[in-house]
Amino acid sequence: MNPSAPTLALVESPVQLLNVLEWAHTRRGREPLLTAVPAQPGPPAERRRPDPRTVADRLRIVVLPPTDPLSRGQLRRIAGIARDEGYAVHWQEARGGSGAPLRAAAALGPAVRRAERIVVGDPFSRFVQLLLAPSRAAELVVVDDGTATMEFVAQLGRGERLRRWHRTGGGPLSRARELAYAPVSGAARRRLRPGEGRRVELFTSMPVTPLPGTALRVNDFAWTRARFGPPRLTKGTDLVGTSLVETGVVDPARYLEAVCALTREHGVTRYFAHRRETPEKLRALRAAAGLEIVRPDLPLELIARRGPVGRTIVSFPSTVVHTLPYALTGTGVTVAVCGIDPAWLAPGASPRAGGFLAGVTDTARDVRRLPARSAPAAG
């Protein structure tokens with residue numbers, strides 16, 4: 001990895017990496033960001049040679065992969081696409097062992113200190129916050145990490161410590177760790193705010209109001225639309241899965257009932273599983289609803305744009321109810337959202353869960369909101 005690249009991007013998930021590509025696409029023609037390389041062989045509609053007139057050696061993308069195999073697989077696939085586009089992608093293990101974070105921080109330290117601009121995909125990440133500590137970058141860019149971006153902006157605006165919306169209070173050990181980590185977290189919050197000699201930009205598809213002085217640019221998935229599709233449409237309806245059960249927000253039995261109800265009422269034939277959904281849960285869904293379970297190997301925005309895809313895509317409150325209307329503009333696909341009944345929430349769900357999920361649903365643009373009868377009755 002070239003430690004002197006003026007722009008350094010730190011990503012930890014497939015969606016974050018996709019959104020770095022979208023962000024870099026908007027910079028083409030405004031300033032050079034990346035290296036021109038020969039295009040790889042393949043279908044001309046999906047592989048295009050980077051334009052040497054607007055491409056220079058200025059962007060390095062560092063992937064900090066999680067440990068679960070499905071996320072790693074998606075990251076490797078989209079990293080390959082990024083390299084085909086001419087970007088330099090560095091794979092840095094930062095998890096999986098007690099010494100991995102320290103080794104990764106030491107390896108990335110020079111690049112972080114020399115970067116003129118840092119792009120991050122998850123400001124809630126403790127490892128990313130730790131890496132920001134030695135940064136001297138004059139500009140910090142936060143690219144979308146989905147609906148978490150909405151909570152990030154709200155918490156930063158209220159001056160609160162950054163905490164994922166679905167997390168609960170935890171026990172004494174968790175609180176002790178939070179206290180010990182407070183200086184790093186506080187330093188990260190200060191860097192995520194614009195200040196003297198420091199610019200901050202937010203690149204997002206989410207409906208947010210940025211802090212005063214923060215630049216806001218809308219991520220309308222222009223690169224995805226230019227690179228893929230339009231998709232072939234099928235006659236059936238597709239349902240997008242969610243990890244709300246795995247994160248302890250929604251009761252498993254209620255979720256199963258909701259999927260079965262949506263399948264019956266909307267003719268759902270395929271279920272696009274979230275990468276965190278467990279095999280046991282997916283087997284239960286297949287048996288109860290008779291659905292074809294699909295494990296996407298790329299973020300759903302790319303899967304849907306490449307096709308084939310249903311004429312209607314149904315989702316529970318999630319990132320895709322905000323991103324898919326952008327990615328599928330002009331294709332004739334309808335995106336529909338089914339809200340979460342408060343009775344579905346698990347007993348241990350965060351008190352903020354219901355309000356947050358309602359906000360995700362209510363602020364979605366260009367979607368069809370399903371009537372209440374589409375969900376199983378509470379009780």
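In this predicted model, Thr-312 touches Gly-236, Thr-237, Asp-238 and Thr-334, leaving aside residues up to four places away in sequence. Thr-312 lies in strand 11, which covers residues 309-315. Its relative accessible area is 19%. Since buried means under 20% relative accessible area, Thr-312 counts as buried.

Phe-316 has its own list of contacts. With residues up to four places away in sequence not counted, Phe-316 touches Leu-239, Val-240, Thr-242, Tyr-255, Ala-258, Val-259, Leu-262, Val-321, Val-337, Cys-338, Ile-340 and Trp-344.

Phe-316 also belongs to the largest nonpolar core, which has 108 residues. Along with Ile-61, Ile-118, Val-259 and Tyr-271, Phe-316 touches the most other members of that core. Helix 1 (residues 14-27) supplies the largest share of the core, six residues. In soluble globular proteins, nonpolar side chains tend to be buried together.

The next topic is a pair of helices. Two packed helices are described by the angle between their axes and the distance between the axes. Helix 8 and helix 9 pack at an angle of about 40°, and their axes are 10 Å apart. This angle makes helix 8 oblique to helix 9. The crossing of the two helices is right-handed. The table gives the residues that form the contact.

| Helix | Residue range | Residues in the contact |
|---|---|---|
| Helix 8 | residues 252-266 | Tyr-255, Leu-256, Val-259, Cys-260, Thr-263 |
| Helix 9 | residues 279-289 | Lys-281, Ala-284, Leu-285, Ala-288, Ala-289 |

By class, this contact of helix 8 with helix 9 has eight nonpolar residues, one polar residue and one charged residue.

Notes. Residues are numbered from 1 along each chain as its sequence is written. This is a predicted model: local features need pLDDT of at least 70, side-chain atom pairs count only at pLDDT 80 or more; totals for chains, interfaces and linings use all residues. Side-chain values use heavy atoms; hydrogens and water are left out. Axes are lines fitted to C-alpha atoms, for helices over the stretch in contact, and angles run from 0 to 180 degrees between N-to-C directions. Helices (H or I, at least four residues) and strands (E, at least two) are DSSP runs, numbered from the N terminus. Angles under 35 degrees count as roughly parallel, over 145 as roughly antiparallel, 65 to 115 as roughly perpendicular and the rest as oblique. A crossing is left-handed if the near helix is turned anticlockwise from the far one by less than a right angle, and right-handed if clockwise. Contact means heavy atoms within 4.5 Å. Ala, Val, Leu, Ile, Met, Phe, Trp, Tyr, Cys and Pro count as nonpolar, Asp, Glu, Lys and Arg as charged, and the others, Gly among them, as polar. A nonpolar core is a set of buried Ala, Val, Leu, Ile, Met, Phe, Trp, Tyr and Cys residues joined through side-chain atoms within 4.5 Å. Buried means under 20% relative accessible area, exposed over 50%, partly exposed in between (1.4 Å probe, protein chains only).
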